[in-house]
Amino acid sequence: MRKAILTGVLSAAALAYMAASANASTLDEVKKKGFVQCGVNTGLAGFASPDSKGNWVGFDVDICRAVAAAIFGDGSKVKYTPTTAKERFTALQSGEIDLLSRNTTWTETRDTELGFNFAGVNYYDGQGFMINAKKLSGVTSALQLSGASVCVQTGTTTELNLADYFKANHMEYHPVVFEKLEETLAAYDSGRCDVYTTDQSGLYASRLTLKNPDDHVVLPEIISKEPLGPVVRQGDDQWFDLVKWTLNAMIIAEEDGITQANVEEMKKSDKPEIRRVLGQEQGSKYGADLGVGEDWVVNIVKAVGNYGESFERNLGQGSPLKIKRGLNQLWNKGGILYAPPIR
Amino acid sequence: MQEHDLSFVRTEMAIAEAPPRSAQGTGHWLRTNLFSSVTDSVLTIVGVVVLILIIPPLVDWLFLSAQWTGTDRTFCATTVQGGIRPDGWSGACWAFVGDKLQQFIYGRYPFSERWRVDLVAALFVVLLVPLLIPKVPRKGLNALLLFIIFPIVAFFLLLGGWFGLPHVETPLWGGMMITLIVSFVGISASLPCGIILALGRRSRLPVVKTVCVAFIELIRGVPLITVLFMASVMLPLFLPAGTYFDKLLRAIVGVAIFASAYMAEVIRGGLQAIPKGQFEGADSLGLTYTQKMRLVILPQAIKLVIPGIVSEFIGLFKDTTLVSIIGMFDLLGSVQQNFHDATWATAQTPMTGLVFAGFIYFVFCAGMSRYSMFMERRLDTGHKR
C-alpha cells in the first residue's frame with residue numbers, strides 16, 4: 001500500500017517534471033557542463049564498488065564511462081551519484097542524474113508509469129537458489145525443495161518471486177526474512193536455513209564470503225527474468241539513442257573482435273563492417289546522427305573495452321567473482337546478446 | 001619548684017596495629033568483593049567462566065590469528081575459499097582496514113587535496129582542546145573562533161573554488177570526515193536553537209509559544225530517517241526543475257533541525273526544575289527578561305541537564321550513520337560500502353570492518369561521556385550526593 005502511494009506520488013511528480021523540462025536536451029546540457037552525472041549502486045560487487053583508491057569500478061560503472069567516452073572522448077568525465085534502491089528513480093526524475101546505471105530490472109511499470117526508458121539490457125540476470133550440498137545431499141533441482149526454509153531479503157522482488165514460484169509448483173516453504181543482504185547471507189552461512197535466494201549475480205558474489213564455498217551449489221533453475229540495463233528519462237530521444245547505441249556499440253565491438261588493445265590497428269582494417277563501426281568510411285555520419293564525434297566507438301572501446309572485456313574484467317575470469325557468460329554471451333556463441341547493426 | 005604531675009599525656013599517636021588477619025590481604029578483598037554471599041559467589045563463578053570462554057578466542061581473533069598485511073582477499077581467505085590461509089582459520093582481516101583506511105577517513109576526496117581536510121582537522125583540535133580545559137583563559141574568544149570563524153574557514157577550505165583551491169564537490173566527501181562534519185554542525189546548532197525553542201515554548205506570547213510547540217512536536221513526531229528521506233528524495237521533486245540543493249547541506253539541515261527539537265525538550269526539563277523563587281527573585285531585583293535568563297535561570301537550568309544534553313550529543317553522533325540511507329557515506333557507510341568490493345570479499349571482512357567502526361564510535365562517545373562527567377563534578381555546587 002505504502003509502495004503504491006509512493007509510486008503514485010512519484011509518477012505524478014514525474015509527469016509534472018516531464019512537462020516542465022520536455023524541451024531541455026540532456027545531451028546539450030551534458031556537453032555544456034562537461035561531464036555525465038551517472039547514478040550507480042551504493043555498492044554491489046562487480047557492478048559498482050569503490051576500489052582501494054576510492055575510484056568507482058564495475059560493470060555498471062563501465063556503461064557510464066562508455067557514454068562519457070562517446071561524448072567527450074574521455075571515459076573519466078563522469079561524476080557518480082551513489083543511489084539506494086529507493087532513491088534511484090527520483091534522482092533520475094528530478095534531473096539530479098543524467099543516466100541511471102544501477103542494476104535496475106527492466107519492468108513494464110518502470111518503463112511506462114514511472115516515465116523512464118530502458119536503453120537496452122547489459123546483463124541478463126535471474127533469481128536463483130543456492131543450497132548447502134552437504135546438508136541437503138541429493139538435491140539437484142529447486143523442485144525438490146518442498147518444506148525447506150529459505151533465507152531471503154525482505155522488501156525485494158526476490159521475496160515476491162519466491163512466493164510465486166513455490167505457489168505455482170504447489171510446494172511449501174518457510175521464509176526466514178532479513179532486512180539486509182549481509183544478514184541474510186550470514187544466517188544462511190550459519191545454517192539457519194537450507195536455501196539462500198537472490199539474483200544469480202548476487203549468488204556468485206555471496207559465495208566469496210561463505211565459510212566453505214565448496215559445500216554450496218547454485219541450483220540450475222532460474223525462477224525470474226531480471227534484465228538489467230541503463231535507464232534514462234522518457235521524452236528525450238536523442239539522449240536515449242546515444243545511451244542505447246553506446247551499449248550496442250560495445251556488443252558490436254565484441255562481435256567484430258575489436259578490443260582495447262587492437263582498436264588502433266582495426267581502424268586500418270579493410271573489412272567494411274569494421275570500417276563503418278569505427279567511423280573510417282568516407283563521409284561517415286553515424287556519430288553525427290547521435291550528436292557525437294565520428295570516432296565515438298573508438299573512444300568507447302579505448303575507455304572500457306568491448307562488452308566481453310568489460311564483463312571479464314568486472315564479473316568474469318578477471319575478477320574474483322568468476323561469473324560465466326551464460327545468457328550474456330553473444331547470440332552466435334550460445335547467449336542472447338544481440339545488437340542491431342550500425343549502418 | 002614544680003609540682004610533680006603524674007598524669008600521663010601522650011604526645012604522639014600510638015602505632016596503629018595491623019588489622020586482624022581475617023580483615024586484610026587478598027583473601028579478605030576476595031571475600032568482601034566477590035564472595036560475600038552465596039548469590040555473589042555463584043555470580044562471580046559464572047562471570048569468571050564467561051570471561052574465560054570469551055576472552056581467549058576474542059584476543060586470538062583480534063590479534064593473534066589476525067592478518068595484518070595483504071593486498072587482496074586471498075590473504076584473508078582459507079584455501080577452500082580461494083585464499084592462502086589454512087582450513088578452519090578465522091581471524092580479523094586488518095589488512096582490509098589498512099588498505100581502505102584512507103577511504104574510511106576521507107571518502108573519495110581527491111588525494112592531492114587531502115591536506116585541506118588534515119588542516120581543518122588540526123584547526124579543530126587546536127581550537128577545541130583549550131576550550132575543554134577549564135584553566136585556559138579567554139574562553140569567549142576561543143568559543144567565537146570555534147563556533148563562528150572556524151566553520152567559515154572550514155567551509156571554504158573543504159569546498160574550495162576560491163583562492164586557487166580546486167573545487168571539491170560534496171559527493172566526493174565521505175568517511176570519518178562526513179561523520180564529524182554532520183555531528184559538529186548538528187551539535188553546535190542544536191544547543192542554541194534548543195535553548196531558544198525551550199524558552200519560546202515557555203513564553204507567555206501566544207504566537208511564539210504556538211510556533212515553538214508546533215515545531216517541536218512536529219519534528220519529534222517523525223523519525224530522523226523520514227526527515228532525511230524527505231530532504232533527499234521528495235524535496236527535489238517539489239522544487240522547480242534545475243534548482244538543486246547540495247545533498248550534504250540538506251542532510252545537515254535535517255539533522256540540525258531534528259537535534260534542536262530534542263534539545264529543546266531537554267533544556268525545558270532543566271527550566272522546569274528551577275524553583276519559582278529564582279524567577280521571582282530575579283524579577284524583584286529589576287532584571288530584564290534577557291538578564292534574568294542569562295544570569296540567573298539558564299546557568300542553573302543547563303547545569304542540571306548536562307547529562308541529558310550530552311546524551312543528546314552522543315545520540316546525535318551515532319544518528320549521523322543514518323545519512324547512509326540517502327546514499328552518503330559516513331564512517332559506517334563507507335565501511336559497509338567496501339564490503340561490496342569483490343577484491344576484499346571474504347568471510348572475515350564484514351566482521352573486521354564493523355569491529356573497526358564500532359571501536360572508533362566507542363572512542364568518540366566514551367570521550368564525550370567522560371568529559372561530561374568531569375564537567376558535572378566541576379559545576380556541582382549545590383546538588384552533590
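Trainee: Where in chain A is the place of A:Lys322?

Mentor: A:Lys322 sits in the segment that comes after helix H14 (307-314) of chain A, where helices (H or I, at least four residues) and strands (E, at least two) are DSSP runs numbered from the N terminus. This is a predicted model, in which local features need pLDDT of at least 70 and side-chain atom pairs count only at pLDDT 80 or more, while totals for chains, interfaces and linings use all residues. Residues are numbered from 1 along each chain as its sequence is written, chains are lettered from A and ligands numbered from 1 in the order in which they are written, and side-chain values use heavy atoms, with hydrogens and water left out.

Trainee: What is the phi of A:Lys322, and what is the phi of B:Arg138?

Mentor: Phi of A:Lys322 is near 55°, a positive value in a residue other than glycine, and B:Arg138, which is not a glycine either, has a positive phi of about 60°. Most residues other than glycine have a negative phi. B:Arg138 is found in the loop between H4 and helix H5 (139-159) of chain B, and its relative accessible area of 65% makes it exposed.

Trainee: How do you know how compact chain A is?

Mentor: Chain A contains 14 helices and 13 strands. Its radius of gyration (taken over C-alpha atoms) is set against the globule rule, 2.2 Å times the number of residues to the power 0.38; the value is 21 Å, close to the 20 Å that the rule gives for 343 residues, so chain A is as compact as a globular protein of that length. Of those 343 residues, 58% count as buried, and the C-alpha atoms fill a box of roughly 65 × 50 × 40 Å along the principal axes.

Trainee: What does the globule comparison give for chain B?

Mentor: A compact globule of 385 residues would have a radius of gyration near 21 Å, whereas chain B has 29 Å. Chain B has 14 helices and zero strands, its C-alpha trace spans about 110 × 75 × 45 Å along its principal axes, and buried residues make up 40% of its 385 residues.

Trainee: Why is the pair of A:Trp56 and A:Tyr80 described as tilted?

Mentor: The search of the whole structure finds 31 aromatic pairs over all chains. The ring centres of A:Trp56 and A:Tyr80 are 6.4 Å apart and the planes stand at 45°, so the pair is tilted. The rule is that rings of Phe, Tyr and Trp (its six-membered ring) pair if their centres lie within 6.5 Å, with planes under 30 degrees apart counted as stacked, over 60 as edge-to-face and the rest as tilted.

Trainee: What makes this pair tie together parts that are apart in sequence?

Mentor: A:Trp56 lies in strand S3 (residues 56-57) and A:Tyr80 in strand S4 (residues 78-83) of chain A, so the pair ties together parts that are 24 residues apart in sequence. A:Trp56 is buried at 6% relative accessibility, and A:Tyr80 is buried at 10%.

Trainee: What makes the pair of A:Phe59 and A:Tyr123 edge-to-face?

Mentor: The angle decides it: the planes of A:Phe59 and A:Tyr123 are at 75°, with 6.4 Å centre to centre, and the pair is edge-to-face. A:Phe59 lies in helix H3 (residues 59-72) and A:Tyr123 in strand S7 (residues 123-125) of chain A, so this pair ties together parts that are 64 residues apart in sequence.

Technical notes. Buried means under 20% relative accessible area, exposed over 50%, partly exposed in between (1.4 Å probe, protein chains only).
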